Amino acid sequence: MHPVVRSFRAAFVEGRFVPLLAAFGMTGMRLALFHTGGLPRIASIGDNYVWEPVAHLFTRPQVSLVASTLSVFFIAWILSLLNNRFNLIRSRSHLPFTAPLFLLSLHPYFLVMSGDYMAVIFVLLAFFPLLESYQKPDSYLCSFRASILVAVASLFQIYALVLLPLWWVGERSMRGSQSRSFASSLFGLFLVYVTLFSIYWLLDDIPRFVRPFLQFVSFSAPEIPRFSVLEWGGVLFVALFFISNMVLSIKIYSRDKALTLSLMQFMVFLIVFLLLLQIVYWKETFFFLLLSLTLASYLNAYFYSRTILRNHIYVGYGMLSLMLLLYLSHLLPSMISLL
């Protein structure tokens, strides 16, 4: 193993104190962003069932910051637990925990608590019954539990319902097509929403039940952001970074065990469709972008945990430096004005 690879693994992948240092570092990054510019105003015109009634509890900037930080920690913990329980990365690695902490702390938008965080958490929890159903001849209970979790996610962010048809692709890759599992997933969705409908029927407020579904017809073309040359260069390089890592990861996970191969293929499939959906609903929500970044963080964690080529490590160091530069551009806006 090349010394560059060995030092990278010791410093970022297998280090004993890496999770603790990452937790303190991420907290410091978020506090610095908050201290410098406060919380950005995010106008969310999307409608939902659960988040709107409790959103006022997070109107204070300090409360929103603490809640979003805890949510990022919980997301990182879920990804790490998912990896360890199913032994997806067959070597010791802390990157499934540290990668999402870092990526979800680079921009001020990630400091704001919203229903998107809650929806992402429930979607990630749905991966557990999905992986448990692998190669099971009769896995309708796993499909039922996953459908329940995705349906609960949609109560916090109605756009999470779009994931259900995509989820059936993942279930089919895990064990093939099973009509009973398909019916169970539909029943799980029906159970959640028939209960919700009963509540609004008792409250005599059926229009309130229907209103969130109208968001699906609120298409919006994206506006071109007013970025500086440095920021556009950073966006381009970050996009190339994730695309190249997904392509390079294929050579690694294609030789891994079948469960890991099925999950990685499904994650790539989800990321592509989530980014397309984000373009379609650009002005309505950032839920698809948040979920795609979360899944991409795990793909990158897998890639840099398994790669043994020094060129990949050099690219990783370069992109890490660039993302830190983008972070500093938000932390020290005077640097951008000078450029």
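Student: Is Asp204 buried or exposed?

Tutor: This is a predicted model, so read each value as computed from it. Exposed means over 50% relative accessible area. Asp204 counts as exposed because its relative accessibility is 69%.

Student: Where does Asp204 lie?

Tutor: Look in the loop between α10 (179–202) and α11 (206–210).

Student: What is there to read in the phi of Asp204?

Tutor: Start with the general idea. Most residues other than glycine have a negative phi. Now the case here. Asp204 is not a glycine, yet its phi is positive, about 55°.

Student: What is the phi of Asn87?

Tutor: Asn87 has a phi near 50°. That is a positive value, and Asn87 is a residue other than glycine. Find Asn87 in the loop between α4 and α5. Asn87 counts as partly exposed, because its relative accessible area is 39%.

Student: How do I read a salt bridge?

Tutor: Think of charge first. Side chains of opposite charge can pair when their charged atoms come close. The cut-off here is a side-chain nitrogen of Lys or Arg within 4 Å of a carboxyl oxygen of Asp or Glu.

Student: How many salt bridges does that rule give?

Tutor: The count is 5. Take Asp256 and Arg90 as one case. Their side chains meet in a salt bridge, at 2.9 Å from N to O. This pair links distant parts of the chain, 166 residues apart. Asp256 sits in the loop between α12 and α13, and Arg90 in the loop between α4 (61–85) and α5.

Student: Which other arginine meets the side chain of Asp256?

Tutor: Arg306 does, in a salt bridge of 2.6 Å, N to O. Arg306 lies in helix α14 and Asp256 in a loop, so the pair ties together parts 50 residues apart in sequence.

Student: Which residues make up the network of salt bridges?

Tutor: Arg90, Asp256 and Arg306 are linked in it. Asp256 counts as buried, because its relative accessibility is 9%. Arg90 is partly exposed, at 46% relative accessible area. Arg306 is also partly exposed, at 27%.

Student: Which residue forms a salt bridge with Glu171?

Tutor: Arg175 does. The closest N and O atoms of Glu171 and Arg175 are 2.9 Å apart. Both residues lie in helix α9 (residues 163–175). They are 4 residues apart, about one turn of the helix. Glu171 is buried, and Arg175 is buried too.

Student: Why does Ser262 count as buried?

Tutor: The cut-off for buried is under 20% relative accessible area. Ser262 counts as buried because its relative accessibility is 11%. Find Ser262 in helix α13 (residues 258–280).

Student: Which residues is Ser262 in contact with, leaving aside neighbours within four places in sequence?

Tutor: Ser262 is in contact with Tyr134, Ser173 and Met174.

Student: How much space lies in the second largest pocket?

Tutor: About 610 Å³. Next, read the lining. The second largest pocket has 25 lining residues. Phe12, Thr98, Ala99, Phe102 and Leu320 lie nearest its centre.

Student: Which helices supply at least two residues each of that lining?

Tutor: They are α1 (3–13), α2 (18–37), α5 (95–103), α12 (229–253), α14 (287–306) and α15 (310–331).

Student: How do the lining residues divide into nonpolar, polar and charged?

Tutor: The lining of the second largest pocket has 21 nonpolar residues, 4 polar and no charged.

Key:
Residues are numbered from 1 along each chain as its sequence is written. This is a predicted model: local features need pLDDT of at least 70, side-chain atom pairs count only at pLDDT 80 or more; totals for chains, interfaces and linings use all residues. Side-chain values use heavy atoms; hydrogens and water are left out. On a 1 Å grid over the protein atoms alone, a cavity is a set of points where a 1.4 Å probe fits but cannot get out, and a pocket is an open set with protein on both sides within 12 Å along at least five of seven lines; lining residues have an atom within 4 Å of a point. Grid points are joined across faces, edges and corners, and a volume is the space filled by probe spheres set on the points. Ala, Val, Leu, Ile, Met, Phe, Trp, Tyr, Cys and Pro count as nonpolar, Asp, Glu, Lys and Arg as charged, and the others, Gly among them, as polar. Buried means under 20% relative accessible area, exposed over 50%, partly exposed in between (1.4 Å probe, protein chains only). Contact means heavy atoms within 4.5 Å.
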